[in-house]
Structures are given as C-alpha cells and as structure tokens.
Amino acid sequence: MQQENHIKDLQLRIALYEDMKAYNALYLLLFDGLHRFAYTMVKSSEVAEELVSDAFVKLWQIRHTINKIENLKVYLYVITKNFALNHHAQKNKMQLVQLDNLDVEAVMEFNSPENVYISNEIIGKIQGAIRQLPPQCRIIFQLVKEDGLRYKEVAAILGLSVLTVRNQLAIAVKKVTEALPSQYKTLFQFQDRFSPS
Amino acid sequence: MPVDHQIWLLVSLKLSGEATREELAQLELLMAQDPALKDELQVLTSIWKTRQAGLGINKEDAWLRHLNRLHSPATAPEVQVHPKRIKPWYWMTAAAVVFICFAGIKYFSNGKGYTFGKQTSHVYNTQPGQRMKLQLPDGTSVWLNVGSKLTYSGNFKGDKREVQLSGEAFFDVAPDKDRPFVIHTSTIDLRVLGTAFNIRSYEEEKETEAALVRGAVEVTLRNDPGKKIILKPKEKILVNSCRNDSAIYTLTGPKSTEESPLIVLSKIRYWGRDSSNNLESAWVKNKLMFDKENLENIAAKIERWYNVQVIITDNHLNDATYTGLFENEKLEEVLEALRLTGGFHYSIKGNTVTINR
C-alpha cells in the first residue's frame, strides 16, 4: 500500500512537472523486478536491460498523459512484456509470440537467508522444482513472490483471470514443497546442531 | 475441488498475503488437525521471505545507460504505434544546420512551465553530459545538445512560432507557410518556413555558426537588423559575436590571421561517403566532432560532452588545430588520440583534466 502511494506520487510529479528526480526514483524502484521479468523471457541480461530502458523511454515520451494510467506499475510490466514479445517476434520472424510458447528462464539465485538456516542443498532443490514448473506458472510464482504483485495485478499483466493466477500459484507452492522431501526435518536437524542441548 | 488443492490454495493465499479472514481461519483449522502442515508452512514462509539476488546489475549504472538512450534519438524507440520504425536519419539528408554562439546561459529546472504575464513559458534545458529530444506543440522536433536551453511561450497559437535558444540544438521544423518559425539568439535571429536545422550557442565560444543542408534560412543580425543574409543549401554561416562592425566575407582561402571577420560564409562539410553525414550535426548521431579546431575550442566541447573541467596550462598549445570524429568513445580515448597528435601531456583527477606540455 505504501509503495502504491509512493508510485502514485512519482507518477503525478512526472506527469505534471516532468520531474526527472521522480522519473529516476521510479526507475530505481522498479528496475530489479522489470529486469528479472524481462530476463525470464529473453534470457539475456543485456537485452532485458534494453527492454526495461525501452519501456521507460516510452513512459517519458507519453509523460504528459500518464496521469490517466490507473496502475503505473502494471502498465510498465505490460509494455515490458510487449517489448519482449516483439523482440522474440523479430528474432524468429514470427507474426505473434505467446507467453505460453516461450521457454522461460527461472531466476532463482537466493541471497543468504536471514534467521533461518537453509542449506545449499535445499536451495538447489527449490531451484530445481521451480525450473520444472510450466512457464506461465513459473512467471506467476516469480511475480507474486519476488515483485510482491497482487493477484489481480499479475492477472492484468499476463492477461489471465485472477482465478487462474490463484490456482497456478497454489500449484507452484505445492511443487516447491513437494521437492523438499522431509525438508523441514532436515532444516530442524540442521538447527539442532547449533542449539545448546 | 480436491482437498489437496484446497490446502495449497490456502497456503499460497497466506504466503502472498491475499488470504481473507475466513481463509486464514480455515487454514488454522487444517493446521490444528495436521501439525506437519504447520511445520511446512513455517519453512515455506522463510523461503518465501528469502528474496532473490538481483542479476548482478548495478541499478545506478543501468540508469545512466538508460539516460543515454533516452537522449540519443538514434536508439530511442518511436512513439508511434506503427510497428515499422521510421529510419530516424532519413530526413537528415534534407536538413539545414545552424550554429550560433552567444553569452549568458542560465539553468532553470528541467522543462518546467512558468507563467510570465498571461502566457505560459516553457523552458527546457540540458546539463553538461546530457542531451534531450523534445517535440514542440506545432510538431517541430528539437534535439538539445549538452548544456543548452530552449524557451518558448504559449502554444504557438499566434501568427509566429518563436523560440529562444542558448547552446546547441538541431531543429526539424514542421512546415507551415503561414507561420514562420523564428529562433532568437543573442547575436542573430533565424527565420524559417519549414525545414530542419541545427543551432548551437555557447557562451564560452567566440563564434556563431550556421549551416544549411536544405531549404532556405533567413539570418538577421541582432546589432544590424537591416542586414539580412539568406543561407542557401549546403552553406553555413559563422558570426563572430565579439566584434561590432559588419562586413561579409565569402570564405575562399584560409582565414585571415590577424582579425577574424564578423561573418564568414562557407560550405558545410561531410564525413564518409554518405551525404547525410554533415560534420555540423554529427553530435545528433552521438558523435563528438572536431573540425580544424584549436585546443581551447576542443576543451570547451569536451567539458560539455563529458561533464568535466579542462585546464590548459600553456597557451602555446592553442596554436595547433585538430580534426577528428569520435563515436561512443571514452574521455581517456579521446584525450589519448589528441595527445598522440598534439604531443602534449594530460592527467585526469576526478572531474578535472589538466593539459600541459
């Protein structure tokens, strides 16, 4: 909610005052998520950065009218997606590319977890499980978990129903959990070694 | 709905923070019946809260690269919805180029409109190292080079389209026979009916220069309004803003060594085979160009282009002239190329470049 208001504020400043600082702040705020999202589709960090840049160039070009955009964050994800699909269409000389047909790349490099000990083995298994997910399911999992997007936002970005997002996320969470046979026991054993028993 | 799926639905709703109060109560109930589920949820919660590392890209660096693309019209995507991109430099073959030089640049905040009398003034300016493309209400496109300022009032609703410029800009003027487009600078005024041209005006430089590729531009001197000069295609004009007398010289031989004339007319110059590549507007294509320029001029260009300060310790170094074209090259590469030609030494400390013998 706080982030939503922050984005609304930046949106207003860009639209009314062509405020470069607000534009910069918005870029830095959304870069990681958009870049990761683009990367899953184009699998090149450089190309992904260019696509995010294209999306922000477009935003600057239409800055005077962006006040009418209801959810700017969703809007930026949508144009980034469209640029990524265009990129694929140009590359493959295809008329239209659907997200479903794309072989997406899962980005799952975890930071060292705080408070809880998760071994590299477990992280490897989580990554494996995510890689096994169908492309759409993987992207949904990433957008909800990493970018903190609401179900209805993800639905708007991917052109799906909220119900589909709900169900796909449940499947993703189930698969991740299943990939960890007795993982919680492993975890607690691991912790036991450090407890002063 | 299978019970199993219902469980995972509730777990994922809880993790994503989308669960309603009823759904949370339902999950509590399930966990009370199955303690293993409670453990699983605990582990899942910690995995969920573990954020991914980024892709190893420095956001601030990415922002700078983005700014470069934003201000470089060659790489910016067209705003049009049409899928085919227009070749951005197609019209350059038929462009007019004008350079002007005068004093007194003041920086206002970026492109902010303010009310002056009853009309709204629009001010756009670029900082050193920063370039910008903008569109005026009549459809005219303007590329603003580093450290420049463009001002206009109202929305061009009167019988004239007038702008004020200090610094350098390339104009692609939307044709309108009834309303001439006028560019005011401190030394000259330019009157155009519909063409494309480039204007440059920096206080550090002594001369004003204008070059035309297509169409016709009428130049009026500020301190001698009776005198009108019509630029023909492929001509450029150089106005020395430091002298008050007026005499027109057509450049046929080398420049006079004693005193530079007030106005010099000459031909614009090209690089490469493509006749659209004129040296005067190379900057629009992201190229840094020196055309038989002395080190003092070059230093001023480098200062704006790279946003650094250049100090020349020995005035004798200004005697030699340099010609060169640099595309996307680093400051060090440009200085190294100059050093090899000029045989001087340089050092870079932070934002300061010192050039000495």
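Predicted model: local features only at pLDDT ≥ 70, side-chain atom pairs only at ≥ 80, totals over all residues.
In chain B, strands β3 and β4 form a hairpin with five residues between them, and Gly139(B) in the turn has a positive phi of about 100°. Strand β3(B) covers residues 132-135 and β4(B) residues 141-144, and four bridges pair the two in the antiparallel sense. Within this pairing, Leu134(B) has Val142(B) of β4(B) as its bridge partner.

Strand β4(B) also pairs with β6(B), again through four bridges and in the antiparallel sense. Here Trp143(B) has Phe170(B) of β6(B) as its bridge partner. Strands of a sheet pair through backbone hydrogen bonds, either parallel or antiparallel. In a regular strand, the side chains alternate between the two faces of the sheet.

The C-alpha atom of Asp178(B) is separated by 8.3 Å from that of Lys160(B), the two residues being 18 apart along the chain.

Further along chain B, three strands form an open sheet with mixed pairing, in the order β17-β20-β19. Its edge strands are β17 (309-312) and β19 (345-349) of chain B, each of which pairs on one side only. From one strand to the next, the twist averages 15°. Strands β19(B) and β20(B), the latter spanning residues 352-356, run antiparallel and are joined by five bridges. Tyr346(B) stands opposite Ile355(B) in β20(B). Helix α5 of chain B, residues 295-306, packs on the sheet and touches β17 and β20 of chain B; the direction of α5(B) makes about 160° with that of β17(B).

The loop between α5 and β17 of chain B holds Asn307(B). Phi of Asn307(B) is near 55°, a positive value in a residue other than glycine. Most residues other than glycine have a negative phi. Asn307(B) is partly exposed because 15 other C-beta atoms lie within 10 Å.

Chain A is built from helices: it has nine of them and zero strands. Of its 197 residues, 39% count as buried. Among contacts in chain A between residues at least 6 apart in sequence, 66% join residues at least 24 apart. Helix α6(A), residues 135-145, is mostly covered, with nine of its 11 residues buried. The buried residues of α6(A) include Ile139(A), Ile140(A), Phe141(A), Leu143(A) and Val144(A), together with Arg138(A) and Lys145(A).

Within chain A, helix α2 packs against α3 (residues 45-61) at an angle of about 135°, with the axes 8 Å apart. The two helices are therefore oblique to each other, and their crossing is right-handed. From α2(A), the residues in this contact include Tyr23(A), Tyr27(A), Phe31(A), Leu34(A) and Ala38(A), which meet a set in α3(A) that includes Val47(A), Leu51(A), Val52(A), Ala55(A) and Trp60(A). By class, the contact of α2(A) with α3(A) comprises 14 nonpolar, two polar and one charged residues. An α-helix has 3.6 residues a turn, so residues three or four places apart point the same way.

The loop between α2 and α3 of chain A contains Lys43(A). Although Lys43(A) is not a glycine, its phi is positive, at about 55°. Lys43(A) is partly exposed because 14 other C-beta atoms lie within 10 Å.

Helix α2(A), residues 20-42, also packs across the chain boundary against helix α4(B), residues 59-71, at an angle of about 130° and with the axes 10 Å apart. These two helices are therefore oblique to each other, and the crossing of α2(A) and α4(B) is right-handed. The contact is made by Asn24(A), Tyr27(A), Leu28(A) and Phe31(A) from α2(A), and by Lys59(B), Ala62(B), Trp63(B) and His66(B) from α4(B). By class, the residues of this contact divide into five nonpolar, two polar and one charged.

Conventions: Residues numbered from 1 in each chain as written. Chains lettered and ligands numbered in written order. Axes fitted to C-alpha atoms, helices over the stretch in contact; angles between N-to-C directions. Parallel < 35°, antiparallel > 145°, perpendicular 65-115°, else oblique. Left-handed = near helix turned anticlockwise from the far one by under 90°. Contact = placed C-beta atoms within 7 Å. Nonpolar A, V, L, I, M, F, W, Y, C, P; charged D, E, K, R; others polar. Buried ≥ 20, exposed ≤ 12 C-beta atoms within 10 Å, placed from the backbone. Pairing = 2+ DSSP bridges.
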